[in-house]
Amino acid sequence: MKNLIVKVAAAVMLVLAPAIAQAAEGYSTANVNMRAGPSTRYPAVAVVPAGSSVEIRGCLSNVNWCDVEFYGGRGWVSGQYVQAVYQQRRVYVGPQYYRPLGIPMVSFSVGNYWDRYYRNRDFYRERDRWSRGPDYYYRDRVYRDRDRDWSDDKRRDDRRDDIRRSDRRDNDNRGNTRSSDFRDLPQFNGGKADTYNRPDPRASPFVCRPGDPSCD
């Protein structure tokens, strides 16, 4: 009876061994970007050269993306670019091979994953936006760019309006100066043209006075 229990336990451990394994050896089949999340829209963090060895730490159950380790760095690569050895042959990593290869199924969270591996990356500063998903991030960026362009256009319009107003003020000031200078000429009396008197051609401007023989 004791021997039977030992044999059953050994058989169970043999069946469960792949499932409890923590990683599997894989190989890149092309020069592929290792990304900060399971989508081509996440930032690239490294390039895995074709034929390079990677440690597959886990894969998602809903999409064929795997969390891999490459030269001490971590990131996500599509399973269609990763092969692993299964029954003495290489197969592309897919959900049907996760359990036989000992690859655990994992989930992905920007907050937890980026906190562990990407704190020194530039894109980490926008972690809160990325946490809503890459589609939201890029849609939000389009809105931000559009608002920034609108704001820039408005500032340019405001500057043009300021220039126009300044030009109008300058023109008005020049016109007022000319008018004031003209009315101040000695030939004018009270600013009325009909009081203009004949000037002496020898000394202009000149205002004739009653009884002055030079005006005859």
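This passage walks through the fold, the confidence and a few side-chain contacts of one protein chain.

The model is predicted, and its pLDDT averages 76 over the chain, with 60% of the residues scoring at least 70.

As for the overall layout, the chain has five helices and eight strands. Reading along the sequence gives the pattern α-β-β-β-β-β-β-β-β-α-α-α-α. Of the 216 residues in the chain, 28% are buried. The accessible surface comes to about 14900 Å², and carbon and sulfur atoms hold 50% of that. Among contacts with a separation of 6 or more, 49% are between residues 24 or more positions apart.

Two of the strands make a hairpin. Strand S7 (residues 82–86) and strand S8 (residues 89–92) pair in the antiparallel sense over four bridges, and Gln83 stands opposite Tyr92 in S8. Two residues sit between these strands, and in this hairpin Gln87 takes a positive phi near 50°.

Another loop, the one between strand S3 (44–48) and strand S4 (53–59), holds Ser52. Ser52 counts as buried because its relative accessibility is 15%, and buried means under 20%. Leaving aside residues up to four places away in sequence, Ser52 touches Gly26, Tyr27, Ser28 and Phe70.

A search of the whole structure turns up seven salt bridges. In one of them, the side chains of Arg41 and Asp135 meet at 2.8 Å, N to O. This pair links distant parts of the chain: Arg41 is in the loop between strand S2 (32–35) and S3, while Asp135 is in helix H5 (residues 134–183), 94 residues apart. Both ends are partly exposed, Arg41 with a relative accessible area of 35% and Asp135 at 47%.

Arg57 and Glu69 form another salt bridge through their side chains, at 2.7 Å, N to O. Arg57 lies in strand S4 and Glu69 in strand S5 (residues 65–70), so this bridge ties together parts that are twelve residues apart in sequence. Arg57 is partly exposed at 29%, as is Glu69 at 24%.

Finally, Asp115, Arg119, Arg127 and Asp128 are linked in a network of salt bridges. Within it, the closest N and O atoms of Arg127 and Asp128 are 3.9 Å apart. Arg127 is partly exposed, with a relative accessible area of 23%, whereas Asp128 is exposed at 56%.

Key:
Residues are numbered from 1 along each chain as its sequence is written. This is a predicted model: local features need pLDDT of at least 70, side-chain atom pairs count only at pLDDT 80 or more; totals for chains, interfaces and linings use all residues. Side-chain values use heavy atoms; hydrogens and water are left out. Buried means under 20% relative accessible area, exposed over 50%, partly exposed in between (1.4 Å probe, protein chains only). Contact means heavy atoms within 4.5 Å. Accessible areas come from the Shrake-Rupley method with a 1.4 Å probe; for residues, only the protein chains shown count as cover. Two strands pair if DSSP finds at least two bridges between them. pLDDT is the predictor's confidence in each residue, from 0 to 100. A salt bridge is a side-chain nitrogen of Lys or Arg within 4 Å of a carboxyl oxygen of Asp or Glu.
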